[in-house]
Structure formats: C-alpha cells, structure tokens
Amino acid sequence: MSEKSKLSKALLYAPENGYDRLPESEKAAMHDYCEDYKDFLNHGKTERLCVEYCIELAKKHGFVEFQPGMPLKTGDKVYCNNRGKGIMLAVIGTEPLSRGANIAAAHTDAPRLDLKPRPLYEDTELAYFKTHYYGGLRKYQWTAFYPEGGGQPADRGTLTLADGTVLPVHIGDKPEDPQFIINDLLPHLGREQSKKPLGEAIPSESLNILVGSMPVEDADEKHRFKLAVMQLLHEQYGMVEEDFISAELEAVPAGHARDIGFDRSLIASYGHDDRVCAYAELAGLFDAKAPKRTAVCIFADKEEIGSEGVSGMLSAAFDKFMGELCDTQGVLLRDCFANSFCVSADVTAAYDPNFAEVYDKRNSAFINYGVGLCKYTGAGGKSGASDASAEVVGKLRRLLNEENVFWQMAELGKTDAGGGGTVAKFMAQRNIDTIDAGVPVLSMHAPYETVAKLDCYMTYRCMKAVFEKA
Ligand code: MN
Ligand code: MN
C-alpha cells in the first residue's frame, strides 16, 4: 500500500460491501441462519403466529413461562406471553438488574388487510369480504397481481364464537386450501383511473376480497351468494355471521419466503418489517453465551399503527414483566431502566437506485453493507425522533467493531422526503438509552419486501453481541 493510500485509509471513512470482507468460514453460518429465518417467516404470517412459533422455539431452548414470584437465578430463561400477540423473553445475567438489562425490541405486526367487523356481503351475484387496511400500505400493490404468482391473500386470525370458544383460523396456506383475490380494473377501461395520483387510484373501500360466486339453490332467497359462503363457513367452523364481530381476521399474502437472484443472495417475503429483526433478536438471545447483564428480547405488536394498545410497546405489560423480574432481586424498576441499554431492532430503508431521488446517497443504508444503525428516525426536523446520544451511538459502534460485525449508518431517505418511526422513542420515554438498528429493506411495506442475506446475518450477529457484551 502506498503512503498516500495508507493515509486515506487511516483518515477517511469508506464503508465496504460486506462480500469484500466476509470470511469464507462465515458463509455456511450465514446460509444456515437464513434458512431458519425463512422458516420463521413461513410460520409467522401474523403477530399471533409469530408468538406461537416463538414459544415453540423458546421451549426447545429451555425457556419456561414466567410466573410472578418465581425464584430466578443466573442463567434462567423465561418468557412472558402478552395475550398471544406480543412476547417478552429474558435470560437472567450474572449481574444484578440494578446494573441494567440489555434489551432488544422488535415488532411482529406488519401492514395487512383486516376484515371489517361485518365483512361478508354480496354485490351483483358475487360474494366479498370488506377490509380495513392496517398500517402504512400502498393500496395499488394489494390488487390482482403478486410477483411470486399464486400469492393471493390468505385469511388468518382468531374467531371467538358466541359461546366464547376461541378458534384459530388459517386459510390459504396449503395448496389445497381455497385462495382469495382482490381484483383491479382492466387497462382497457382504466383511462380515468390512470390519471389519478397513485395514492388515490385504488380507494380503500375497493379493497374487497372476492370469496365466492356460487349461490345456494333456493331461488327465492334474497342473499343466496352470501348465504352460500356462510354455509361453507358454518360447516368448517361452526360459525354464524354474528361471529365475525368478535373475530380478528387478517388477509396477508399467501406466498412463502423465496430466495431472489441468480446468486440467491436476497430473500423476498411478506413481513420482513419487522420479523427480520425479531428473528435476529430471538436467535441472538438463544445463542448468547453467558450474558453478564440480563438479556431481554421483545416482540411488540401494533408498531405499524403507533404502538398503542395492550400488546403495543406503550403498554405497561413490558413494565410489569421487567418490574417482576426486578422484584425477584429486590431491585427498583426505575434503577434497572436508568442503567439499561436498548436496541430498537427495526428495519430501515435500503438505498434503491431505481428511486435515487428520495435518498441522500451519503447517508443511506446499502444492501450487503451490514446492519443499519439509525441515530434518529422521525420526519422533517427530526420530529418524533428519540435521537440517540453520541455516547449511545459510540457504545454500539465500538461494540460492533470489536466483534467484527458489519454495520453502516442509515437515514430514512432525504430530510424532507417523508419519514417514519419505531418503538425507540417509547423505550427512551422509560429512561432507557436506546438506538435503532436493523436490516435495510427494499420495497418496505409492500406485499413482498426484499432483504439481503448478509444483512440479516449481520443483524443477528449485532443482537448476539448486544446481549453478550453491551
Ligand atoms: Mn418496522
Ligand atoms: Mn413498518
């Protein structure tokens, strides 16, 4: 190396593509990790299914359900299921909780179409479900065509019958299952529609799912198409129409996670945001070796609609769980929080050369450059951001460098291009030092989002390092 390039290497910051420095020895681990992650995606198409699968995996790794008042010692592994829609797991460290915990908080809800309380209707001899979109989605992406082919929305959720029986409902997953679709206008008649702004071309109230077209035989019956669907649902689930009112049914893309590219270096799937970070946390927690500080992993719900609700990050369910862990050691929760460190594990926007105009290229996260650290999110002049301190950014930067985890800084696009948030500010509100870190995503919030395997793996390495050494 010439004197000149030595100087430049010493003084200038030049992020590198991860493939230029990934040791050969790590390639197999990266591959295996991503195969397990794809299983997680395919099992966890809703927040409830993520919690179910998480418990299944946690039990295999020696976790037991936490009971308030149960004695805990170093190395004990517990989980707390928050109403089947959120979950918190902890591995008790060697140090007391008064020294703080190392926390990683992700969310497992994703943009989708919820069925309305009275979804079923017929119009012009076709039966439909009415939907209400959940989270920030681009409506035009949910009609007619899916890149994977055959990926029509599946219905998943929970149904509570009049007598209180709770039934899980999963339709569309298996090849023999019925499939559903939302239709779009044909281009031949789309002249006026095509002139509309993208956000208005598909109105919310037109996101109606086609569920049937075959009537009951009785020609005198007024609602014979709707009734025919209800008959099938009654046979299958024992339900009547009123039962829809106490159901949570979510329409999500039916396709499974798939490798993308001739080199299979990327993964496309529904729900990377934020299951890609949730799984990284979980695997990091399972693999963390003898954490000094208690390690806590959170799957929160409702992030996509503002973290409200009993299963969202604003809920006191988290404080209750942490408070009860503190009680076992006679520690005050406020002391624990004040000394804790939290990674708000959430995805960030990956630089997309097809839409270069919305990114600041010098401050964007790139595909294959590793986990993206985000000092602040928010909109405009950092509005709504918790804005991690220099010390907090410095702590994570140092840790990741020491552990040889590939990382990069990320900003969510150009300053005034838009904006977004995460659970970071709700952790910071609790007096916990918090920074955002996660996987850069292409086509975020689309029915199929794309991430790079290298970035998934580095995010897992990041979470493991935080649990072991932060
Ligand atoms: Mn997210
Ligand atoms: Mn999101």
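Trainee: How many residues does the largest nonpolar core have, and which of them have the most contacts inside it?

Mentor: Happy to. This is a predicted model, so local features need pLDDT of at least 70 and side-chain atom pairs count only at pLDDT 80 or more, while totals for chains, interfaces and linings use all residues. Residues are numbered from 1 along each chain as its sequence is written, chains are lettered from A and ligands numbered from 1 in the order written, and side-chain values use heavy atoms, leaving out hydrogens and water.

Now to your core. It has 67 residues, and those with the most contacts inside it are Tyr33, Leu89, Phe299 and Leu396. A nonpolar core is a set of buried Ala, Val, Leu, Ile, Met, Phe, Trp, Tyr and Cys residues joined through side-chain atoms within 4.5 Å; buried means under 20% relative accessible area with a 1.4 Å probe, protein chains only. Helix H12 (residues 453–469) gives the most to this core, with 10 residues; helices are DSSP runs of H or I, at least four residues, and strands are runs of E, at least two.

Let us pick out leucine 396. Beyond its neighbours within four places in sequence, leucine 396 is in contact (heavy atoms within 4.5 Å) with Phe341, Leu373, Ile435, Ala437 and Val466.

On a 1 Å grid over the protein atoms alone, a cavity is a set of points where a 1.4 Å probe fits but cannot get out, and lining residues have an atom within 4 Å of a point. Strand S20 (residues 433–438) gives the most to its lining, with three residues.

The largest cavity has a volume of about 80 Å³. Its lining has 13 residues, of which Asn82, Met88, Ile298, Ser311 and Gly312 lie nearest its centre. Strand S3 (86–91), strand S13 (294–300) and helix H8 (317–327) each supply at least two lining residues.

Aspartate 273 coordinates both manganese ions, ligand 1 and ligand 2, which are 3.4 Å apart.

Notes: Buried < 20%, exposed > 50% of the residue type's maximum accessible area, 1.4 Å probe, protein only. Donors = N, O, S within 2.8 Å, 3.2 Å for Na, K, Ca; no water. 1 Å grid on protein atoms, 1.4 Å probe; cavity = no way out; pocket = protein on both sides within 12 Å on 5 of 7 lines; lining within 4 Å. Points joined across faces, edges and corners; volume = space filled by probe spheres on them.
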